[in-house]
Amino acid sequence: LYVSNVSSFKGDALTGKVGLNWTPIAGQYFYAFAARGYKPGTINPGISATPGSPSGSPDSKPEYLNDYEIGWKGRLAGGRILTQLGGYWDDYQNMQQNIFYPATASAPLSNVPSATITGIEASMQARLVNFDLSLSAAYTDSVLGPLIDVPNYKFPNGFGITPQCAPGVSPRPGNVNCSNYTPYLINVRGDEDPYTPKLT
């Protein structure tokens with residue numbers, strides 16, 4: 001395997017977590033915390049940059065996440081019922097996602113410049129006489145920041161996945177050499193993260 005370009009990556013980041021816990025009475029636990037996470041960037045050798053790509057580069061930048069959460073955990077019915085309820089707000093910078101690049105008809109790991117994910121989660125575990133019961137539910141709201149992208153999951157059946165046609169060249173029926181992605185270019189600002197279900 002021959003790689004035509006050579007790249008390198010070096011990075012560092014300060015991460016951590018600050019939390020406050022409160023137990024007013026036995027079996028009732030409240031918490032709040034703020035945390036910062038980091039995921040290093042990646043190198044995508046052989047991938048050409050695409051006009052309108054988030055960074056102008058085929059490589060992905062490091063991802064940063066500021067996470068804020070509050071919640072309650074309780075023991076009820078003499079400890080036979082355990083409950084958890086929590087809410088969170090996640091602020092992403094350079095969220096790493098597989099983004100479609102028309103120039104090479106590939107989807108390397110790249111960046112959405114910004115995104116927010118908020119939600120609430122609830123669960124319960126109960127032991128009642130001769131059986132156990134577990135319940136859980138979650139609601140999530142996600143919003144992507146500005147990015148020109150090609151949502152390849154919207155391609156019609158039979159759409160050829162080949163590099164973008166050169167200017168002035170149109171794909172012909174049966175032409176497997178190039179495709180026209182122009183009708184599928186959109187700004188995903190305000191859209192939901194396709195990998196984040198709203199209800200579970």
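**Figure 1. Secondary structure of the predicted protein chain.** The protein chain contains zero helices and eight strands, where helices (H or I, at least four residues) and strands (E, at least two) are DSSP runs numbered from the N terminus. Along the sequence, the order of elements reads β-β-β-β-β-β-β-β. Of its 200 residues, 32% count as buried; buried denotes under 20% relative accessible area, exposed over 50%, and partly exposed in between (1.4 Å probe, protein chains only). The model is predicted, and local features need pLDDT of at least 70, side-chain atom pairs count only at pLDDT 80 or more, and totals for chains, interfaces and linings use all residues. Residues are numbered from 1 along each chain as its sequence is written, and side-chain values use heavy atoms, with hydrogens and water left out.

**Figure 2. The hairpin of strands S1 and S2.** Strand S1 (residues 16-25) and strand S2 (residues 28-39) form an antiparallel pair over eight bridges; strands are taken to pair if DSSP finds at least two bridges between them. Two residues separate S1 from S2 in this hairpin, and glycine 27 in the turn has a positive phi of about 90°. None of the ten residues of S1 is buried, so the strand lies largely in the open. Lysine 17 has alanine 35 in S2 as its bridge partner. Lysine 17 also lies over the face of phenylalanine 33, at 4.2 Å from the ring centre; a charge sits over a ring if NZ of Lys or CZ of Arg is within 6 Å of the ring centre and within 35 degrees of the ring normal.

**Figure 3. Aromatic pairs.** Rings of Phe, Tyr and Trp (its six-membered ring) pair if their centres lie within 6.5 Å, with planes under 30 degrees apart counted as stacked, over 60 as edge-to-face and the rest as tilted. By this rule there are nine aromatic pairs. The ring centres of tryptophan 22 and phenylalanine 30 are 5.7 Å apart and their planes stand at 35°, so this pair is tilted. Tryptophan 22 is exposed, at a relative accessible area of 55%, whereas phenylalanine 30, at 32%, is partly exposed. For phenylalanine 100 and phenylalanine 155, the centres are 5.8 Å apart and the planes at 85°, so the pair is edge-to-face. Phenylalanine 100 belongs to the loop between strand S4 (81-98) and strand S5 (109-128), and phenylalanine 155 to the loop between strand S7 (148-149) and strand S8 (186-187), so the pair ties together parts 55 residues apart in sequence. Both phenylalanine 100 and phenylalanine 155 are buried. One aromatic cluster is formed by Phe100, Phe155, Tyr181 and Tyr184.

Figure 4. Asparagine 66, in strand S3 (residues 63-76), is buried, with a relative accessible area of 18%. Its C-alpha atom is separated by 8.6 Å from that of glutamine 93, 27 residues apart along the chain. Asparagine 94, placed in strand S4, has a positive phi of about 60° although it is not a glycine. Valine 129, in the loop between S5 and strand S6 (131-144), likewise has a positive phi, near 55°. Valine 129 is exposed, with a relative accessible area of 79%.
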